[in-house]
Each structure stands twice: as C-alpha cells, then as structure tokens.
Amino acid sequence: MPRTVSDGGEDFDGDVSSQTGSHRHTDSNSTHHHHGYKVGFPPARGLFAEFADGVKETFFADDPLREYKDQSRSKKLWLSLVHLFPVLDWARSYKFSMFKGDFIAGLTIASLCIPQDIGYAKLAFLPAHVGLYSSFVPPLVYAMMGSSRDIAIGPVAVVSLLLGTLLQEEIDPVKSPYEYSRLAFTATFFAGITQAMLGFFRLGFIIEFLSHAAIVGFMAGAAVTIALQQLKGFLGIKKFTKKSDIISVMESVWGNVHHGWNYQTILIGASFLAFLLTTKYIAKKNKKLFWVSAIAPLISVVISTFCVYITRADKQGVAIVKDIKQGINPPSFHLIYWSGPYLAKGFRIGVVAGMVALTEAIAIGRTFAAMKDYQIDGNKEMVALGTMNIVGSMTSCYVATGSFSRSAVNYVAGCKTAVSNVVMAIVVMLTLLLITPLFKYTPNAILASIIINAVVSLVDYETAYLIWKVDKMDFVALLGAFFGVVFASVEYGLLIAVAISLGKILLQVTRPRTALLGNLPRTTIYRNVEQYPEAAKVPGVMIVRVDSAIYFTNSNYVKERILRWLRDEEDQQQEQKLSKTEFLIVELSPVTDIDTSGIHALEELLKALEKRKIQVKYQKLGSELYSY
C-alpha cells in the first residue's frame, strides 16, 4: 500500500500486537533484533572532534576552503583575490554582446535613481547632493566586490527613513546641518563595519532571525510611514511634525488644512502621481513596456521643473529643491566623529541601519539569483556591502544598499553583470558634474510623488494573505511589525519584528507538537487521529508521537503532555466504560536528537507509569530506541 506522509510527521508502520505482547524487556542493555537487523550505535568520537564538527557546520556550512585543496601557492593567492573581488573572475569572460544589455539597464536605472536619490536624501534630512553621491561611489565598489549580477545599489526608502528618524533624535538637521551630516557619515561608517564584520566572521545567520513575515510587515509599515511623511511636500505644508507615527502626522496634516495647504503644490503633486501610477500599471500589464515606468520619474521631474520655471510658481509658495551642489563627492574621512559622545551614538544608529540594509540587500540578491539560477554567497555579499559603505562614509555618502524597485527594473531591462551599476554610477557622476543646477526649480511635490509611487510596491498584500492562510502565528508577527512601525516608530517596529521572530522560535523549541495516533482500517499504518478521522484507537493501547528533538528546554513539557494525553484518555474510558490503557507506545521517529535531560524525562515517565501498571514502549523507526 503506498505510504504518504501528510500530517507533518513520520509514519508509524507496524503491528501493535507484536509491540505490546506479553513479552517485556527487563534488561535495558539487551539487543533487540527486528527483521534480522541489529540496532547499531554511531562510532564513538572525542570531545574535540564533536566540537570541531559543530563549529564547522555552524560557521562553514558551505565549506569555503574546498576549492583551495591541492592547489599551488600562486593559485591559492589568485583564488583568494577572486574570492574578495569576483570581478576578476567574471571580467575575463565578459563579451561586448553582454555590454549592450548592461548599458541599456544602467541608463534605465540611472534615470530612475536620480530623482529618487534626491527624494530619499530629503527623507533622511540630508542635502540632495548627498543622495546622488551615494549612487556614485558605492555602486563602483560593489561592482568589484559583489556577487549578485542583478542588484542595483544606492539609497533606499526604508533605510533613509530609519536614518532620518534616528539621527534627528540626536541632532536637529535644520539648526545644525553640518553636525547632522557628520553624524550621518559616522553612522554610515559603523553600518559598513557591522556588515563587513558579520560577513568576515561568517555570522550571516544572525539576520535569518528576522522572519520573512516580520520583514513583510516591517516593509509595509515603513511604506505607509514614508508615504505619510511625503504629505509635507505633497500638500506644501511648511510646519510639519518631526514624529513619524500616523497619529502625529494626521494631526499635523489636518491642523494645517485651512491655511497651511498650498493648492498649486497639490495640483502638481496629484497630477504627476496619477501619471506615475498609470505608467506603473502599464508596465505591470505589459512587461515589454517596463521602460515606461522606469523613465516616468525623470520625465516628471523635467516637465514639472520646466513648468515651475516658466510660471515662477515658487513665488506663489510652491516649495522647490533650490541649489544642489555641483561636483563629485568630496572626501569626508575628517568629518566622521572618532571621539566624543557622538561616536557612541553614531555606532548605535549605524548598527541598526546596517542590519536593516543588509537584510534588504541579501533578500533582493537571493530573489534575483533564484530567478536566473545562480548562487550568491551571503557572507561574501556582507563583506562587499560593508566595504562599500565604509568607503562611502569617507566620500560623503550615506548608507547605500540594494534597492528592490531599481533591481527589478535592472533585471527586466536585461542586465547581464554588475557593469550596469558602473554605467549608472557614470551617469550619476556626469549629472553631478554638469546638470545639477538644472534641478534648482524642481518642486518638492514631484519628489514626494516619486517616493509615494516607489514605496507603494513595498506593501506586499498578496504575500500577507498567503502568510495568513498558511501560518496564523507568522501573520501575528507581520501585524506586530506593521503596527509597530505605523503607530510608534521605525525602531519600535523593528524591535517588535525581532521580538516576535525570536518568540516564535522559542515557542517551537519549548512546546513541540505531539500527536495521538490511530490505526487506519485494514492497514498496519498509524496516523494522527486529528487529521485522519477514520484512524481508530487500539483498545487498551495508546500511541503518542513526539514531533521534534527532545532537549532540556522541552523535555519536561513532553513528559507532562504525554501524561495529559493519558489522563484525558482515562477520563474518556471511565465515561464510556471502555477497557483501561495497559500499554503506552511513544513514537520517536521524528526525534532527531535527545540530550541527557530528555533521557531523564523519559525515565521519569517510565517510573510514573510503572506505578500505574502501564507498560511503556519507546519506538524508533520500527526499532527500539530504548526498550523497557
């Protein structure tokens, strides 16, 4: 008969009569023969060998030194350089035919990133040119060190919001813009150090503690918060709250409704937002027209700037970008706080921003690598992103990472390698050198529209619905992160996301699933009675399955839970006047590991049931793990 495992655990396949017969083992060391096979034990290993194996599996699961075996010294040196700078590997096989795809993709993402960068810099309360600087140096560094072919590097909405929120708690960006920029560069430096160290010490698994559901919720919450922040520029409000929670923002918006809104600004913002959302819809419906939505922000900037310049709408209260500093990145090594109270504050903000940026970049890199069927090394990515931000902090950039909207455009536009990032960086450099003065009359409302348009896609309601269908606990994590960001602040949302993710792990470790098994009619297969209503309990025998490893964290719970199953069963037997339970079979097939606390708990269970004249059998994959 075919055997399918659909209730989350292993089959228990055997004849209960043979398991519960009058024969009972009294010698725990006796060897039990089953189908002619002897139950063996793995060869004994020393403490050091076990410890070394554990360390290897934890930190070097991908066996990074595999390719260095039996190689000459010069070859090993070359492999080390290639490991650090993957460009040395792929550049050798780079063809001109590949450049065409990279060039078109680079131009497309550059047209998208220039208006976005100016907007994101404003979101972080930094000068507009700092946003453009961050799309020039970091992508060049990443192109040499990164292993993803599709990721587009630059400032992103979520990290910009996070930095802006955390930095303005320490320094007022309006009163002290110079000190504020210094703290931003300090935070960027430590964000880079955090990322590089996590990669270097192979601690990439730390970011796995943020569950997918928590990230979806956090991103959606951040998108709503960012969109609300844009109402200042969109409605032309001058006095706007510094808080990011929805209640403060709404109070600020409605408090200014009679005298603070500028209707020319609203007209510009609303008309171009409608245009941007329409192009986005067209691109979604027809994948070949992806360039329409990619180039729409730049077209919007050009048209709106021209309109404002001709009508001199800035004289009627339409807020404009004003001057964007011309020229490429000046060095900023001397601006980083190397001592004093702002060093510690920069470190704290940098660690948080670095981790969030890392989570986003690795998720994006893996998504596109899976689409094109190639592998990216998470630890190598972290070193690349970290180095990129360290260099960026010394060249007047703030935290850059992989942008989902730009990476998606990069992918659809046909990029082949990281050269598309180089093309984008060159276009940004030419913009900084030649055309920044033309952005003087760009209205802030258009930047607000561009950012709202960009963050709409961060609300992934389809995935949220899927999470709701699959795992309600995961959905709670999603909601916790979402409401934390929207109603409190970005860092509270992040804390809630991490706390719920860790709480879920602890819950699964300390409260493993157990199931009561029954016999499927006319078979020797035993299944979970909750999932198989036709599975019948065997009179006088109770079969319980434990669905996880038994450790000190859950051993007591497993013992108590089995006793509770027995108690419930006895109550039912008394009510229905059925025969009493004489045998308990504990099915341990899914138990992959057990420690001394687990063994102790199983022994205690055995003693407790001996007093009640119930025989216990610990069953493991058709052979005894422990026979009593």
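Modeller: Buried means under 20% relative accessible area, exposed over 50%, and partly exposed in between (1.4 Å probe, protein chains only). This is a predicted model, where local features need pLDDT of at least 70, side-chain atom pairs count only at pLDDT 80 or more, and totals for chains, interfaces and linings use all residues. Residues are numbered from 1 along each chain as its sequence is written, and side-chain values use heavy atoms, with hydrogens and water left out.

Biologist: Is Glu570 buried, partly exposed or exposed?

Modeller: Glu570 pairs with Arg612 in a salt bridge at 3.1 Å, N to O. A salt bridge here is a side-chain nitrogen of Lys or Arg within 4 Å of a carboxyl oxygen of Asp or Glu. The relative accessibility of Glu570 is 26%, so Glu570 counts as partly exposed.

Biologist: How many residues apart in sequence are the parts that Arg612 and Glu570 tie together?

Modeller: Helices (H or I, at least four residues) and strands (E, at least two) are DSSP runs, numbered from the N terminus. Glu570 lies in helix H23, while Arg612 lies in the loop between helix H24 (596-610) and strand E10 (615-620), so the pair ties together parts 42 residues apart in sequence.

Biologist: What is the relative accessible area of Asp150?

Modeller: Asp150 meets Lys372 in a salt bridge of 2.8 Å, N to O. Lys372 sits in helix H15 (residues 341-372) and Asp150 in the loop between helix H7 (137-145) and strand E4 (153-154), so the pair ties together parts 222 residues apart in sequence. Lys372 counts as partly exposed because its relative accessibility is 28%. Asp150 is buried, with a relative accessible area of 0%.

Biologist: Are the rings of Tyr309 and Tyr441 stacked, edge-to-face or tilted?

Modeller: Rings of Phe, Tyr and Trp (its six-membered ring) pair if their centres lie within 6.5 Å; planes under 30 degrees apart count as stacked, over 60 as edge-to-face and the rest as tilted. By this rule there are 17 aromatic pairs. The ring centres of Tyr309 and Tyr441 are 5.1 Å apart and their planes stand at 55°, so this pair is tilted.

Biologist: How many residues apart are Tyr309 and Tyr441?

Modeller: Tyr441 is buried at a relative accessible area of 16%. Tyr309 is partly exposed at 48% relative accessibility. Tyr309 is in helix H14 (residues 290-311) and Tyr441 in the loop between helix H18 (419-435) and helix H19 (444-456), a separation of 132 residues.

Biologist: How far apart are the C-alpha centres of domain 1 and domain 2?

Modeller: Domain bounds come from an automatic or database domain assignment. The assignment gives domain 1 as 124-459 and domain 2 as 513-619. Their C-alpha centres lie apart by 56 Å.
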